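Biologist: Hey, can you walk me through a few spots in this one? Here it is on my screen.

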Amino acid sequence: MAINSATRCCCMSPPQHRTSLSRSILLTPNSKPFLLRHAPNLSLVLVRSQTSGSEGFGSSSSSSSSVIDFLTLCHRLKTTKRKGWVNHGIKGAESIADHMYRMALMALIAADVPGLSRERCIKIALVHDIAEAIVGDITPSDGVPKAEKSRMEQEALNKMCEVLGGGIRADEIQELWLEYENNSSLEANVVKDFDKVEMILQALEYEMEHGKVLDEFFISTAGKFQTEIGKNWAAEIISRRKSLSAKRLS
């Protein structure tokens with residue numbers, strides 16, 4: 001998808017050599033009160049090594065130090081629990097990274113569709129919630145308007161691109177994220193469906209594991225699948241849920 005250059009992040013050009021440096025990404029009380037209330041411990045200190053050049057694989061895009069800084073920031077995706085499950089009292093709820101990983105697996109195993117790039121679907125699945133490393137998991141119950149949520153996530157993504165040091169990889173992440181956000185391609189349509197499919201599959205699993213009824217997740221996605229693969233997979237999950245419910249009542 002062609003992206004207007006004005007929409008891309010203004011990323012720093014990676015310097016050829018860096019000296020010892022300690023850099024912090026700190027959201028102060030003057031930045032985003034919502035972030036401080038809903039995503040605790042957003043203070044991140046990235047400690048650079050004595051020397052870090054641009055050697056090695058991928059050096060044309062980012063230096064080794066920028067890559068490690070970026071991956072350190074992405075650690076929050078592994079530790080931040082998906083709020084919808086936390087709000088329903090699910091113990092040991094999945095993380096944001098858990099959710100994105102299974103979506104990437106969906107893209108990997110999906111049947112071929114004419115004109116669809118499964119590789120691009122995998123990439124979109126891996127970055128569609130990446131800004132939540134900074135903003136956290138914002139759910140409808142938080143009362144944040146959709147436009148404001150998108151603005152906050154775009155700002156967070158820009159910060160992450162700066163951490164990565166700019167270049168072609170940062171540009172690609174921006175393009176993939178915007179493609180998903182704007183639902184502007186067949187790949188984005190499919191991954192949007194995977195997002196909902198993964199959620200209702202997880203809801204079914206939590207119903208089975210915890211004896212809960214999580215109707216709202218099924219109601220919120222009903223009739224909203226865009227693609228045949230999304231509709232078919234969702235129908236299978238709903239069919240299994242109905243069968244399990246019937247067995248419990250018999």
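Modeller: Helices are DSSP runs (H or I, at least four residues), numbered from the N terminus. This is a predicted model, where local features need pLDDT of at least 70, side-chain atom pairs count only at pLDDT 80 or more, and totals for chains, interfaces and linings use all residues. Residues are numbered from 1 along each chain as its sequence is written, and side-chain values use heavy atoms, with hydrogens and water left out.

Biologist: Where is glutamate 153 found?

Modeller: Glutamate 153 is in helix H7, residues 146-164.

Biologist: Is glutamate 153 buried or exposed?

Modeller: Glutamate 153 counts as buried because its relative accessibility is 4%. Buried means under 20% relative accessible area, exposed over 50%, and partly exposed in between (1.4 Å probe, protein chains only).

Biologist: And what does glutamate 153 touch?

Modeller: Leaving out residues up to four places away in sequence, glutamate 153 touches Ala131, Glu132, Val135, Trp177 and Glu181. Contact means heavy atoms within 4.5 Å.

Biologist: What about glutamate 162?

Modeller: Glutamate 162 also lies in helix H7, but at 33% relative accessibility it counts as partly exposed.

Biologist: New topic: which residues of H5 meet H8?

Modeller: Arg120, Lys123, Ile124 and Val127 in H5 meet Glu172, Ile173, Leu176, Trp177, Glu179 and Tyr180 in H8.

Biologist: How many of the residues in the contact of H5 with H8 are charged?

Modeller: Four are charged, six are nonpolar and none are polar. Ala, Val, Leu, Ile, Met, Phe, Trp, Tyr, Cys and Pro count as nonpolar, Asp, Glu, Lys and Arg as charged, and the others, Gly among them, as polar.

How values were computed. Helix = DSSP H or I, 4+ residues; strand = E, 2+ residues; numbered from the N terminus.
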